[in-house]
Amino acid sequence: MEIDPISSTQMGTPARQKDAKALQFIEEMTRNADSVQQNVLAQILTRNAETEYLKGFSLDGATDRETFKSKVPIVTYEDLQPLIQRIANGDRSPILSSHPISEFLTSSGTSAGERKLMPTIKEELDRRQLLYSLLMPVMNLYVKGLDKGKALYFLFIKSETRTPGGLVARPVLTSYYKSDHFKTRPYDPYNVYTSPNEAILCPDSFQSMYAQMLCGLYEREQVLRVGAVFASGLLRAIRFLQLNWQQLTHDIRTGSLNPKVTDISLRECMTRVLRPDPDLADFIARECEKDNWERIITRIWPNTKYLEVIVTGAMAQYIPTLDYYSGGLPKACTMYASSECYFGLNLNPMCSPSEVSYTIMPNMAYFEFLPHEPNSPGLGLPVQPVDLANVEIGKEYELVITTYAGLYRYRVGDILRVTRFHNSAPQFQFVRRKNVLLSIDSDKTDEAELQAAIENASQLLQKFNTSVVEYTSYADTKTIPGHYVIYWELLAKDSETSASDEVLDQCCLAMEESLNSVYRQCRVSDNSIGPLEIRVVKNGTFEELMDYAISRGASINQYKVPRCVNFTPIMELLDSRVVSTHFSPLLPHWIPER
Ligand code: AMP
């Protein structure tokens, strides 16, 4: 077993007593991963023995893993949907959980075009809080002096809806930020935000962002870390600064507040922040009016030690843009979580994004791992899930969870690869979310393959100082044969040397070359897929796409650019912003299998 270097000694030197306790807790949990898991399952099954769901499987009081696994099936959201719908409609009987369902958490995952509704119970907030409380003690091992300044984190809430039965439905982070756990958190010198609660809790995303940016600008010297939940959120904040710096510097110069900020409690709270500071306004205006925004983060916030954003999984494509704006600051991916359950944390948060491994905390839920062998011939044998402590290094698994809130053997849909162990707890690289993005014929292209193809093609743009800042795709089956359409938003760092049409045609081919062999076979041999098309869209198009998604109910915190689109209004929006189209000029290589 490979041992994480920090586990062989104790986990470094804690910054303070509180940290020592948290680190000790991580050590205990990870040393006893298997027995903690056994206890978690027993607790969940004992307390929920009388639920309609579990009674249906005649566990007869058994709480051991073997009985549980032999009697309770592995399920997907779609299997539970009728039960979830009953809860949403107002049935308060113990259907999934013996504890009352306190609210629904709306996942960014969808089922039949609708957001998934995850039932949760009150005490889950404590569990989430517990995971949050471990993040700073770990970070303090790697970055010193975080108590000497503040964090500029762009955090947002989203408006809530109610189910027909009256339960609140909202994103998990909205639920957390609105909870007392967050609102009345005790002062912690290592975790001071520049954003006041009133700004984070303002439901209007413009006003919230405006106030958070203004506070961050006023405190530019104190800011030691800059972040958002996902990388896309931080880039949205940079874009916001690009669009609004004139008004922001006006406010700083005069000590007044943009009249577009109308929220009363936010206005009142901002009076405590605002003061006329012409020197600061001049400085920010000088930096923002330059055409070149390279290293803008460190120019404006010169003491930033790292960015805190998730750049694993689908967010990996933002790394070059973040590096551009931050001059390559470290990017800390601190945790791995979902609406269903918070899973774990990164015990080495300053590592490079490609090295990130998350340690699943065995106390959060009961975890199982379905072996996932994408290239196996498929012998038709049902694969058996393995327990947390029994996964093998190098192998990929699909995560299956049993939660305190009443999900039993639920497939999350994430594929994880085991990289090493910390004590007896495995650490996982997030590989991708299991799904097929594009398919025209028998080909199936998933998110990771598409991402790799984009990366391959975008190498051709490097010498033109151009990068792909956003992309999405579409399986265009209106043409015969159908073909892949890839929408690209490009960032040309200097306009003199932008990529020619010919180069962009070659990018189409480079993408095809790196797609899987089934795709290339369809292209070359079956002629069932036409040449891949790249449509370059105007700058700002993907921001409009996000605005559109938000206007339709998506949450800023959770928003991820869809890597495949097929919804007509979105396609129309994209197509109306196209500035040039390019097709693959040649067939990709393909060698018949023998
Ligand atoms: P949601 O339910 O909308 O909160 O989305 C949860 C999903 O986001 C997870 O199941 C993952 O697919 C993805 N996700 C969450 N945290 C990470 C992370 N640290 N790295 C990569 N993907 C993540």
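**View 1. Residues around the ligand in the predicted model.** In this predicted model, the ligand is surrounded by 17 residues, and the closest of these are Ser108, Thr312, Ser339, Tyr358 and Asp414. Ser339, which belongs to that closest group, places a polar side-chain atom 2.8 Å from an oxygen atom of the ligand. A polar side-chain atom of Ser107 is found 3.2 Å from a ligand oxygen atom, and for Lys560 the corresponding separation between a polar side-chain atom and an oxygen atom of the ligand is 3.4 Å.

**View 2. The packing of helix α17 against helix α18.** Helix α17, formed by residues 447–458, packs with helix α18, formed by residues 501–514, at an angle of about 140°, and the two axes are 8 Å apart. Because an angle counts as roughly antiparallel when it is over 145 degrees and as roughly perpendicular from 65 to 115, α17 and α18 are described as oblique to each other. The crossing in which α17 passes α18 is right-handed. On the α17 side the contact is made by Leu450, Ala452, Ala453, Ile454, Asn456 and Ala457, while α18 contributes Cys507, Ala510, Met511 and Ser514. Sorted by class, the residues of this contact between α17 and α18 comprise eight nonpolar and two polar ones, with no charged residue among them.

**View 3. Helix α12 crossing helix α20.** Helix α12 (residues 231–254) and helix α20 (residues 541–551) have axes that come within 12 Å and cross at roughly 110°, and the two helices are therefore roughly perpendicular to each other. From α12, the residues Arg236, Arg239 and Leu243 meet Glu543, Met546, Asp547 and Ile550 of α20. The contact of α12 with α20 holds four charged and three nonpolar residues, and no polar ones.

**View 4. Helix α20 beside helix α21.** Helix α20 also crosses helix α21 (residues 568–576), here at roughly 155°, with the axes of α20 and α21 coming within 10 Å. This angle makes α20 roughly antiparallel to α21, and the crossing of the two helices is right-handed. Thr541, Phe542, Glu544, Leu545 and Tyr548 of α20 make the contact together with Pro569, Ile570, Leu573 and Leu574 of α21. By class, the residues in the contact of α20 with α21 divide into seven nonpolar, one polar and one charged.

View 5. Ser580 is part of strand β20, which covers residues 578–583. The side chain of Ser580 is joined to the side chain of His582 by a polar contact of 2.8 Å. When the neighbours within four places in sequence are set aside, Ser580 is in contact with Ile534, Arg535 and Val536.

Conventions. Residues are numbered from 1 along each chain as its sequence is written. This is a predicted model: local features need pLDDT of at least 70, side-chain atom pairs count only at pLDDT 80 or more; totals for chains, interfaces and linings use all residues. Side-chain values use heavy atoms; hydrogens and water are left out. Axes are lines fitted to C-alpha atoms, for helices over the stretch in contact, and angles run from 0 to 180 degrees between N-to-C directions. Helices (H or I, at least four residues) and strands (E, at least two) are DSSP runs, numbered from the N terminus. Angles under 35 degrees count as roughly parallel, over 145 as roughly antiparallel, 65 to 115 as roughly perpendicular and the rest as oblique. A crossing is left-handed if the near helix is turned anticlockwise from the far one by less than a right angle, and right-handed if clockwise. Contact means heavy atoms within 4.5 Å. Ala, Val, Leu, Ile, Met, Phe, Trp, Tyr, Cys and Pro count as nonpolar, Asp, Glu, Lys and Arg as charged, and the others, Gly among them, as polar. A residue is near a molecule or strand if one of its heavy atoms lies within 4 Å of it. A polar contact is a pair of N or O atoms within 3.5 Å; within protein, one must be able to donate a hydrogen and the other to accept it, and residues adjacent in sequence count only if both atoms are side-chain atoms.
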